[in-house]
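Here is a briefing on one chain. Look over the model first, then read the points by topic.

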Amino acid sequence: MNSGEFSRRVRDLLRDRDMSVRAVARHLNYDHAYLSRVLCGKQQPSRQLVTALDHLLKTDGELAAIAIRVAPPTDSPDATESPALTDRILRLNEARGADFVQAIRETSHRLVVLDNELGGVSVAEPAGRAFKVVHRRLGAGDYDHRYERDIQSAAAELAEVAGWALWDAERDDAAQRFNHEALLLARLSGDRSIELLTLQNMAMQSEWRGRNQEALSIARSVLNRRRLSPRVEAMFRIREAKGLVGTGRTSDAIESLERARSLIEDSNDVGEPDWAWWVTRGEIDRQWGHTLQIAGDVQKAIELLLQSVQPGRDVTTGYSSERVARLAQCLLDVNAWRDAEDIVRSLVTAAPSISSGRTLRLIGHVAKQRERLNGAPSSLTDTLEHLAEKLDEDPFTL
């Protein structure tokens, strides 16, 4: 297709809004190189990218209309962005030097894009397989040693992506193994950015496993010894808060969240790592709401969770159903039947497209509440029953 009209219009909009391609790539969590190719007219945009740009630039469907008008009938979003993951893994087996570094990084970025775009497809398995190829070659020394630190740094990023995806799929033991590899490789290569992100993941996973003091210790080991950018410090203040509330120190947890919020409000993104884009006011509201839910202050938790799910808020791409599930649970806890039914109905719609094991477990807990509700209207219990049926459906049944 000749994508010149689309790319020209996007470039004009970015110029009018004084936005850089790198900033847009970071905000939308797209590979900068891929976005640059699209905006130079060298590559077709995927439907997901068109939609994301439409929303970001507030063009009310103008970009989508242009893309539809100029796209050929055979346009396929899966084929337009980059080579298939199987082809990337083949490259991981063949490359040796700078091309090996590039192949690893492109694989990581593609996995992140797929993880955010395709809510019904888990990337845990392909991420794990890709890192195993790299891990084997690192152990055997099968690479150009002039590029060793760059290869280790790229491998650390891939291990971090795999560790996160495995944890999200509730493969906790595997996630721990990959996290430790990511941490080791980040430290060997001197990649402080990936080291910090991996430590954040490890603290979060400790919290989810009920090891709250461990999560707190990890967070404070970073906060006490390192000079951090505002958004990264806010991320570890969130982890500190969750560890504190998990060990019964609610007032201290609130102080940590207040500090996180002030850091975000004062932040200008200068010097922030690319991956910190998701640490937003909406994310802090979500974590604050969950903190209050843990502490038993359900009414205040509902206020914050409602803010975090409002359309247009700066929420993290994908995984929004997790916060909706927490909101549903809170509404059920205070017998807000009508509001709860509306929220549960949205989960019924979303459930078939969710692959996150964590999120599905939370939604399953909500569905089970039908067994304990007293005085709830039959329409609500029927909706909860419908939700349970959706969760039990064979995803391959048409």
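**Briefing: helix packing and burial**

The buried residues of α20 are covered by elements that include α10 (148-168), α12, α18 (320-333), α19 (337-350) and α21 (378-392). The model is predicted. The chain has 21 helices and zero strands.

**Whole chain**

- Of the chain's 398 residues, 52% count as buried.
- Take the contacts between residues at least 6 apart in sequence: 68% of them join residues at least 24 apart.

**Helix α20**

- Helix α20 spans residues 357-367, and eight of its eleven residues are buried, so the rest of the structure largely encloses this helix.
- Its buried residues are Gly 357, Arg 358, Thr 359, Leu 362, Ile 363, Gly 364, Val 366 and Ala 367.

**Helix α13**

- Helix α13 covers residues 212-223, twelve in number. From first C-alpha to last it reaches 16 Å, close to the 16 Å expected at 1.5 Å a residue.
- Buried in α13 are Asn 212, Ala 215, Leu 216, Ile 218, Ala 219, Val 222 and Leu 223.
- Viewed down the axis of α13, these buried residues fall within an arc of 160°, so they line one face of the helix.
- As background, an α-helix has 3.6 residues a turn, so residues three or four places apart point the same way.
- The packing partners of the buried residues of α13 are α12 (192-208) and α14 (230-246).

**Asn 212**

- Asn 212 lies in helix α13.
- Is Asn 212 buried or exposed? Its relative accessibility is 16%, and the cut-off for buried is under 20%, so Asn 212 counts as buried.
- Setting aside neighbours within four places in sequence, Asn 212 is in contact with Ser 206, Glu 207, Lys 242, Gly 243, Gly 246 and Thr 247.

**Glu 160**

- Glu 160 sits in helix α10.
- Glu 160 has a relative accessible area of 8% and is buried.
- Beyond its neighbours within four places in sequence, Glu 160 is in contact with Ala 182, Ile 194, Leu 197, Thr 198 and Asn 201.
- Glu 160 and His 180 are 20 residues apart in sequence, and their C-alpha atoms are 9.0 Å apart in space.

**α17 with α18**

- The axes of helix α17 (residues 298-308) and α18 come within 9 Å, crossing at roughly 150°.
- The crossing of α17 past α18 is left-handed.
- On the α17 side, the contact is made by Val 298, Ala 301, Ile 302, Leu 305, Leu 306 and Ser 308. On the α18 side, it is made by Arg 323, Arg 326, Leu 327, Cys 330, Leu 331 and Asp 333.
- By class, the contact of α17 with α18 holds eight nonpolar, one polar and three charged residues.

**α16 with α18**

- At what angle do the axes of α16 and α18 cross? Helix α16 (residues 281-295) crosses α18 at roughly 35°, and the two axes come within 11 Å.
- α16 passes α18 in a crossing that is left-handed.
- α16 contributes Gly 282, Glu 283, Arg 286, His 290 and Gln 293 to the contact. α18 contributes Glu 322, Arg 323, Arg 326, Gln 329 and Cys 330.
- The residues of the contact of α16 with α18 comprise one nonpolar, four polar and five charged.

Note on methods
Residues numbered from 1 in each chain as written. Predicted model: local features only at pLDDT ≥ 70, side-chain atom pairs only at ≥ 80, totals over all residues. Heavy atoms only, no water. Helix = DSSP H or I, 4+ residues; strand = E, 2+ residues; numbered from the N terminus. Expected span 1.5 Å × (residues − 1). Buried < 20%, exposed > 50% of the residue type's maximum accessible area, 1.4 Å probe, protein only. Arc of directions from axis to C-beta. Contact = heavy atoms within 4.5 Å. Axes fitted to C-alpha atoms, helices over the stretch in contact; angles between N-to-C directions. Left-handed = near helix turned anticlockwise from the far one by under 90°. Nonpolar A, V, L, I, M, F, W, Y, C, P; charged D, E, K, R; others polar.
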